[in-house]
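Hi everyone, thanks for making time. I have one structure to walk you through today, so let me put it on the screen.

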Amino acid sequence: MNRTHWTPGSLVKFDFIYGGCKLNNKLATYLGPEFIHRPDGVIIENHKVLLMGRIEATIIDKGVLRNMTDGSAASSSAT
């Protein structure tokens, strides 16, 4: 299920994004929106995820949200 709104704490799975992308087919925890407020007043919408096995969060562009699906089904089938 692809959706555009995710709740912080949701387990997500990334689909294939592009060749060589470190997010391809990975599981992550969605941490929430991460906005950049530029001095000229423009607000840039990014989002933060924590890839499984990592200790440092990754910032993604809002366009990558369309490549995320519900990861709970993926994690239960892996066990």
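Let's begin at Ser 10: is it buried or exposed? With a relative accessibility of 14%, Ser 10 counts as buried, because the cut-off for that label is anything under 20%. Please keep in mind that we are looking at a predicted model. Ser 10 belongs to the segment that precedes strand E1, which covers 11-14. Its side chain reaches the backbone oxygen of Thr 7, at 2.7 Å. From Ser 10 to Ala 28 the C-alpha to C-alpha distance is 8.4 Å, and the two are 18 residues apart in sequence.

Ala 28 turns up again when we look at strand pairing. It is the bridge partner, in E2, of Val 12. E1 and E2 run antiparallel and are joined by three bridges.

Now let me zoom out. The protein has five strands and one helix, and along the sequence the pattern reads β-β-β-β-β-α.

Next, the E2 and E3 pair. Nine bridges join these two strands, which run antiparallel. As an example of residues facing each other, Glu 34 stands opposite Asn 46 in E3. The hairpin of E2 and E3 has five residues between the strands, and Gly 41 in that hairpin takes a positive phi near 95 degrees.

On to E3 and E4. This pair is antiparallel too, with four bridges.

Ala 57 sits in the loop between E3 and E4. Is it buried, exposed or in between? Its relative accessible area is 33%, so Ala 57 is partly exposed. Setting aside neighbours within four places in sequence, Ala 57 is in contact with Leu 31, Lys 48, Val 49 and Leu 50. For a sense of distance, Ala 57 and Tyr 30 are 9.6 Å apart, C-alpha to C-alpha, with 27 residues of sequence separation.

Staying with E4, which residues are on its covered face, and which are on its uncovered one? Thr 58 and Ile 60 make up the covered face, while Ile 59 and Asp 61 are on the uncovered one. As background, side chains in a regular strand alternate between the two faces of the sheet.

Beyond its neighbours within four places in sequence, Ile 60 is in contact with Phe 14, Leu 23, Asn 46, His 47, Val 49, Leu 65 and Met 68.

Several of those names lead us into the core. The largest nonpolar core has 13 residues, and the members touching the most others are Val 12, Phe 14, Leu 23, Tyr 30, Ile 60 and Met 68. E1, E2 (27-37) and E3 (43-51) each supply at least two residues of this core. As general background, nonpolar side chains in soluble globular proteins tend to be buried together.

Asn 67 counts as buried, at 15% relative accessibility. Not counting residues up to four places away in sequence, Asn 67 touches Lys 13, Phe 14, Asp 15, Phe 16 and Ile 17.

Let me finish with some totals for the whole protein. Of its 79 residues, 29% count as buried. Its accessible surface comes to about 5100 Å², and 55% of that belongs to carbon and sulfur atoms. Finally, if we take contacts between residues at least 6 apart in sequence, 41% of them join residues at least 24 apart.

Notes:
Residues numbered from 1 in each chain as written. Predicted model: local features only at pLDDT ≥ 70, side-chain atom pairs only at ≥ 80, totals over all residues. Heavy atoms only, no water. Buried < 20%, exposed > 50% of the residue type's maximum accessible area, 1.4 Å probe, protein only. Polar contact = N/O pair within 3.5 Å; in protein donor to acceptor, adjacent residues only side chain to side chain. Core = buried A, V, L, I, M, F, W, Y, C linked by side-chain atoms within 4.5 Å. Contact = heavy atoms within 4.5 Å. Pairing = 2+ DSSP bridges. Areas by Shrake-Rupley, 256 points an atom, 1.4 Å probe, with all protein chains shown as cover.
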